[in-house]
Amino acid sequence: MKSPIITLQDISKSFGNVYALDGVSLQVKAGEVVGLIGDNGAGKSTLIKILAGVYTPDSGAIRLKDQPVTDWNASRSRQSGIETVFQDRALVVQQTIVRNIFMGRETAGSSASLLSRLGFIDHKSQYAEAERLMRDIGFTSEVFTPDSIVGTLSGGERQGVAIARALYFDAELIILDEPTTALSLTETEKVFSFVRNVKASGRSVVFIGHNIYHVFGIADRFVVLDRGKVVLECTKEDYQTPEELIGFMQQVAQSEGGTPSGSSEE
Amino acid sequence: MAKTMTSITSTSLFIRRNKASLSTLFFLVVMMTCFLIANPKVFTNAAIYNAVFITLPVAIFLVVPLVFTVTGGEIDLSFPSNMAMASWVFSLLIQKGMPPVLGLIVAIGVGMGIGVIIGLIVVYGHLSSLVCTLGFNFFLRGFIMILTEGRSITVLEVQDGLFHNVLAGTFLGLPAQMGWALLFTLICVLVFNRHCYGVRVRCVGDNPQSAEQMGINVNRVRISFFIFVGLGASLAGVFSVLINFSWWPTTGDGYLLTALASVFVGGTPTWGGVGTVVGGALGATIVSFMETGVVAAGLTGFYVQFFKGLIIILSLLAHRYSSKRYR
């Protein structure tokens, strides 16, 4: 039995009188890839932002390695080894690639000199680290350097910067929110091989997508969200093809007309 | 061969990274050349430079923190009144016989304290910093006017004292305050470019949602802008009192628009995320020389505003073409 990295228990979150999440529980264990599926407005991104500490839940509990946590925020989440590639990529496009990779952890990678303890940044070592990272994830272009402005990069390259950032800090859990949206086929394949590498190194991934074929190929386990609730948790043994999973989701979508769920996104 | 190649690329990199401040410097040189041609006699004499250097530091203490604020995507228009508040407290304490060093510390505390209050109200009240700080500018000025009934304070006590001579005396034939303003600018340049605070200011100004998602405490950074402006305003106020040996209830009033203009003349754009501290200090220099230079060049004082406006418009156009906004 693998140990859980993070456990969400009975999480609810509402915005105004709209329930985005209604009593959702989710556990991510070491070394597994969890595929989080659901239609638009199912609550996927809200759940991710709670994992990432951007949102605080209205109710419910968060446990890190079976220890209850309080004061959950984005900084805490990253310190606990959770890195997130957000759907909007969370980049600052007028800044350099180095600045983006180290955003929020600006003094990371510095030597333990007096200046770095005072909060000054060791640009040289960060530049070298960023260069190595970019090579690792397959940035082979000669056109840009770690000092290039992110605003000059293409969509796929920007996604690469966001992924490189998630990779740098040796996270135990990497969350990818719709990482293949608006990417070309080769770029999508790159993201998949990245996920496989992360898994091979014993780390965990939560992969969010609405393309079930993408998610099915990559995940060990699936969690299906619908209108703020978990409607299915299964493995590939339960549903052996993506078509079966799609069939289930269509059933869920149709049953909604007959059984009011008590919460509405509209 | 390879060595020259790297030195060429590093020079072009330097130019690319410092485009805004370099074009501001270019602007300053062009303007000074025009003055020099217009009246060589006055502009080859040190007197005119000394005259500008006496009051330029006050502007620099105001402009440099404003560069941080504008880069962070906010604006603070309360600094003229904050400057008056802090220097008012300073003058009163000196009159009561308090050592000037303690007076300075209390004045800084007042300036930063007002910044804390404004920052908390703007951030947690979800207010527009433009309108809220404009309100505070009137409010604090009104508060001063009510309590002083418009009376000024003479602070002759500091004359010839060590405190005055070190901060605002003469050093190597130059006004000592110029050295303090340069030191202040230098520290701020290092903080802006090399310290994690400076980087966070840019990230918050660039995209606050991204900064928040990456664990930066955006509210804390935003509050710090107003505290920093308060620090600059209090220093500007104390130096203004030391230079003039007196405090007026209108202290700082004339700086509102010129200090703001200096930020933008210096090459910091209005949209946040990027900025230049050196450019801001140079912008303040341009505006200060403009005021003195137009008259010294032989024109009447009626031309000052005309040329000031012209310079602001021209420099904005120049920066518009030299800098691109990435989205």
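1. Start with helix 1 of chain A, residues 44-51, in this predicted model. Helix 1 lies across strand 3, strand 6, strand 7, strand 8 and strand 9 of chain A, and its direction makes about 140° with strand 3 of chain A.

2. Helix 7 of chain A (residues 185-200) also packs on the sheet, where it touches strand 3, strand 7 and strand 8 of chain A. Against strand 8 of chain A, helix 7 runs at about 150°.

3. Now for the sheet under those helices. In chain A, 6 strands make an open, mixed sheet, ordered 6-7-8-3-9-10. Strand 6 (82-85) and strand 10 (229-235) of chain A sit at the edges, each with pairing on one side only. On average, neighbouring strands are turned by 15° against each other, ignoring direction.

4. One spot to look for is G35(A), whose bridge partner in strand 8 of chain A is F207(A).

5. On to the partner chain. Chain A puts 30 residues into the contact and chain B puts in 26. About 2400 Å² is buried between the two chains, with 57% of that from carbon and sulfur atoms. On chain A's side, Q94(A), E106(A) and F120(A) lose the most area to chain B, together 25% of what that side buries.

How values were computed:
Residues numbered from 1 in each chain as written. Chains lettered and ligands numbered in written order. Predicted model: local features only at pLDDT ≥ 70, side-chain atom pairs only at ≥ 80, totals over all residues. Heavy atoms only, no water. Contact = heavy atoms within 4.5 Å. Buried area = accessible area lost by both parts, 1.4 Å probe. Pairing = 2+ DSSP bridges. Helix = DSSP H or I, 4+ residues; strand = E, 2+ residues; numbered from the N terminus. Axes fitted to C-alpha atoms, helices over the stretch in contact; angles between N-to-C directions.
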